[in-house]
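Have the viewer open as you read.

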Amino acid sequence: MSVLDDIIAGVREDLAPRVAARPLEQLRGDAAAAPKPRDAFAALHSDGSGITLIAEVKRRSPSKGALADIADPAGLAARYETGGAAVVSVLTESRRFGGSLADLDSVRAAVDLPLLRKDFTVDEYQIWEARAHGADLILLIVAALTDDELSGFLALTHDLGMNALVETHTSAEVERAVAVGARIIGINVRNLKTLDIDRSVFAPLAAGIPDGTVIVAESGVRDVADVGRFAADGADAILVGEALVRHDNPEDTIAAFLDAGRRAHLALQNQLGA
């Protein structure tokens, strides 16, 4: 069993009691009563002069274990917003990442930015759940879904007024994401089946994504050099967790990363104009 398979098995097990406690019909009512979704696509879309940033509230990871003791996720998210993040991501998977829907609720109450519910979506219940808790963006991992699931989940997401970050790691997965009409495509340089990182996969995969799509670089963002490389290779946005939660001043880190993205885009424009 791969790491991804093991995580998904746990997600399904943890989902069952939530479904029993609050049936789908009740959850649909909660989703209908939630405030109108914010436009995450517009927030992440780069104007060509730099990059945007998804800042993540993340306590743990399967690869690194404990990252940070985040006693106040709402306070951290507010600092992300102050620092210039375009979207805040909140891990809600509990077993491997130490997250919860309670974290999502507290962050939703604290920030006005679009909010990504970061979890392993394997059932439509989770999409309704995300909307009911105020999420504007969900994660769909291509490697974890069949073509029918990917298409159906994306359609439901759009029907609810939300957007989906459709995550890929291979050229075949990029093709599947493009085929279902994904508007925001993430390229995770971490292989979720092994947890290995290979930053070199980003550029060739980004080159195969159509214009007009928001391309998000996921994982492996350690410093401004990584940001500059991803921006030069076609990233419109970056998703950053560990480098922010381990920093005493995430506002400064966000500012430095956004500046690195601007400088990389300026250098690229100068090269094209030469």
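Predicted model: local features only at pLDDT ≥ 70, side-chain atom pairs only at ≥ 80, totals over all residues.

Residues are numbered from 1 along each chain as its sequence is written, and side-chain values use heavy atoms, with hydrogens and water left out.

How many aromatic pairs does the structure hold? There are two. Rings of Phe, Tyr and Trp (its six-membered ring) pair if their centres lie within 6.5 Å; planes under 30 degrees apart count as stacked, over 60 as edge-to-face and the rest as tilted. Phe97 and Phe120 make a tilted pair, 5.9 Å centre to centre with 35 degrees between the planes. Phe97 sits in the loop between strand E4 (87-91) and helix H5 (101-110), and Phe120 in the loop between strand E5 (115-118) and helix H6 (124-132), so this pair ties together parts that are 23 residues apart in sequence. (Helices, H or I, of at least four residues and strands, E, of at least two are DSSP runs, numbered from the N terminus.) Phe97 and Phe120 are both buried, meaning under 20% relative accessible area, with exposed over 50% and partly exposed in between (1.4 Å probe, protein chains only).

Next come Phe202 and Phe230: their ring centres are 5.1 Å apart and their planes at 65 degrees, so the pair is edge-to-face. Phe202 belongs to helix H9 (residues 202-206) and Phe230 to helix H10 (residues 224-232), so the pair links parts that are 28 residues apart in sequence. Phe202 and Phe230 are buried too.

Now for a charge over a ring (NZ of Lys or CZ of Arg within 6 Å of the ring centre and within 35 degrees of the ring normal). Arg183 lies over the face of Phe41, 3.8 Å from the ring centre.

Over in strand E1 (residues 52-57) you'll find Glu56, which counts as buried at 1% relative accessibility. What does the side chain of Glu56 join up with through a polar contact? The partner is the side chain of Lys118, at 2.9 Å. A polar contact is a pair of N or O atoms within 3.5 Å; within protein, one must be able to donate a hydrogen and the other to accept it, and residues adjacent in sequence count only if both atoms are side-chain atoms.

Leaving aside neighbours within four places in sequence, Glu56 is also in contact (heavy atoms within 4.5 Å) with residues including Tyr80 and Val245. Val245 is in helix H11 (residues 242-245) and is buried at 12% relative accessibility.
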